[in-house]
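Please study the sequence and the model before reading each solution.

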Amino acid sequence: MRAVAVALDLLREARSRKWTLALLGGATLVLLLVAFGLELEVVDGALAASRFFGGGGVHEIRPVEVALRPLFEGVASFVFGAGLVFGVLACADFAPALLAPGRIEHLLSLPLRRWELLAGTYLGVLALVLGGALYGGVGLSLVILTKTGLFGWAPAAAALLSAVAFSAVYAVMVLAAVVVRSAAFSGAAGGASLVLFLVAGYRAELAPAFAPGLGRSLFLLFTAPLPRLAGLARHAFGLAQGRGVEVPLLLAQLGGTLLFGAAVLAVAIALFERKDF
Amino acid sequence: MRRRRLWLPAAALLLLLSAGLLSLVETPAEPPRKVVRFPSHMRDTEWKRQEARQSLPPLAAPATAPTTPRPGGDPPPRRDPFLVALPVKPGEPVVVFEANALRHSRLGELFIACTMVDDPRAIATFQEETGVDPLKDIDRIGVAGGSVVVSGFFDRARWDRLVAQGKLGVTPYGEGGRIYADGPGRAMAVWRDQLVVLAPDEAAARLSLDQLEGRAPVPEAAIPEDLAYGEVYGVIPGAAVQRLFSPADRALGAKLAAAASRVELHVDAMEDVAAVVRVEGEDRAALGDLARTLGGALAAGRLQAKAGSDQPLVELLDAARVVDEGGRLSLELALPAATLERWFEGCAGRQAPASPAP
């Protein structure tokens, strides 16, 4: 419960940060640009033609959700990728700031356990990123709704998947901050973990590039617990394409990602518990 | 304090759970590739095959020639008439196909089945017209420059029909040969109903028979008997490598010919198709560069094929490699039998529907 209080405290702090506000402003600007600039004449034309000709002169009438799939695909991909990058950029400073001299001593003097402090920070950042991603994703869905009369869940789903993927990335960033108290290092660790998680999604295809034996075994062993970022992105894209979701696969990938995040956070807590301030 | 120590084991457990959960639903990595054996030397069965084919007595040494005793005092070995008959000229490629073995190989069976789908009577028609069953009577086919030598059983061949129709004239030649020709153009030599030589002119046909019966020396450029292994084998001189390239790529061909003075080819095809192209040359540095170039091209091709989802090419290049053996390089290419079967699957689809029962 005290971890939740730390998380809420972090959200209050984020609200007052110029950097977070600037990123939120950027997201809003993108939404406004899309809202005012999105040209959907082709779709409007097709819909009007089907109304006007009643099917007689139109060889192929497609449901509007099918016609708009490319748009949702693009939006879902953007939301998924941008959510992750937004998270790394916006949140690189939170954990190092928590550990800053002066502040950490103050926090440790409060009736809080160390793990609660770190877990609260982690949860607060995840809530921030989830909020930001949903803001972007649902916002884009609403913009498309106002333009076409069709509401698609794909951008919101992509935002949720992106937030889950970010939970693993941010765990690595917290660990990096515990090891070296630097926002730059934490951000770099986040970027590197994004790349590694992408690689892990293609481990079966990449394994033959390593000579059979120790090298290949080490590669497979190292990448086995890493989240499959590409797999989650494929789910986001697949939802936008109107394809069904392979539920067991999705659950396993989500579960694996959350477990990996929890594991790395546990390592960070173990190190944090041993640190002298 | 005890709780502090629990975090790391908990992290390890969570990592294991994560790996386990993700591996449960992961597309399995490529199954371990079946090891393909590449033809690298004469094997026991090939030695036995070669010994069985050595039916031609050794050449009698000329009376004037100095008699050099063979090591161990062994008599000179008998020879394989097919290899002796190959009218190889210096600088010309020579390639031999073990037609009968290929016909019984996995590739051969698939190929014939595919041919029969297109024209079920093709082989029967050929046999009716020539008296030769191409699936049983032909043993080997050798291509040497412009000549083709075929070994097998031609006692039922209808040569007389060709003569009776006036298409060819026949002339006995030497102890066991006949020359069929229709003038100055292409000619055919038949030797003891075992060998047929299709030559660009009568002189080349006669040369083959002369080599067989000892009236002409066997050319040094022919295939040594210890290189007659695999279902396809041959030797391509560097100069001939250059001719394989189109005029536009002549410069590339010249560079290759400069690096490769001799190219040797061996293909096993009984189950998997495994080919070895062995390149020899004087310039070790150039050969090393060629090996690295080929290796790089294979790797790039493999990646490109994967990116383009060209599965047949991916499977071919997956089993391809270049071995730099210092002074010579070997390019190894393989097609597993399973891949071959997939390639020929289309034939089954084209199979004509069975005629309805009366």
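**Exercise 1.** How many helices and how many strands does the secondary structure of chain A contain?

*Solution.* The model is a predicted one. Counting along chain A gives 14 helices and zero strands. Written in sequence order, the pattern of chain A is therefore α-α-α-α-α-α-α-α-α-α-α-α-α-α. As for burial, 41% of the 277 residues in chain A are buried. Among contacts in chain A with a separation of 6 or more, 81% link residues 24 or more positions apart.

**Exercise 2.** Determine the strand order of the open sheet in chain B, and identify its edge strands.

*Solution.* The 12 strands of chain B, paired antiparallel, follow the order β4-β5-β6-β7-β3-β2-β1-β8-β9-β10-β12-β11. The edges are β4 (169-173) and β11 of chain B, since each pairs on one side only. From one strand to the next, the twist averages 15°. Helix α8 (residues 202-212) of chain B packs on this sheet, and the strands it touches include β3 (147-152) and β7 (195-199) of chain B. The direction of α8 makes about 20° with that of β6(B).

**Exercise 3.** Describe how β11 and β12 of chain B are joined, and which helix lies across them.

*Solution.* Strand β11 (residues 321-324) and strand β12 (residues 328-335) of chain B run antiparallel and are joined by four bridges. Within this pair, Arg321(B) stands opposite Glu332(B). The two strands form a hairpin with three residues between them, and Gly326(B) in the turn has a positive phi of about 65°. Finally, helix α11 (residues 284-307) of chain B lies across β10 (273-280), β11 and β12 of chain B, at about 160° to β11(B).

Conventions:
Residues are numbered from 1 along each chain as its sequence is written. Chains are lettered from A and ligands numbered from 1 in the order in which they are written. This is a predicted model: local features need pLDDT of at least 70, side-chain atom pairs count only at pLDDT 80 or more; totals for chains, interfaces and linings use all residues. A residue is buried if 20 or more other C-beta atoms lie within 10 Å of its own, exposed if 12 or fewer, and partly exposed in between; C-beta atoms are placed from the backbone. Two residues are in contact if their C-beta atoms, placed from the backbone, lie within 7 Å. Two strands pair if DSSP finds at least two bridges between them. Axes are lines fitted to C-alpha atoms, for helices over the stretch in contact, and angles run from 0 to 180 degrees between N-to-C directions.
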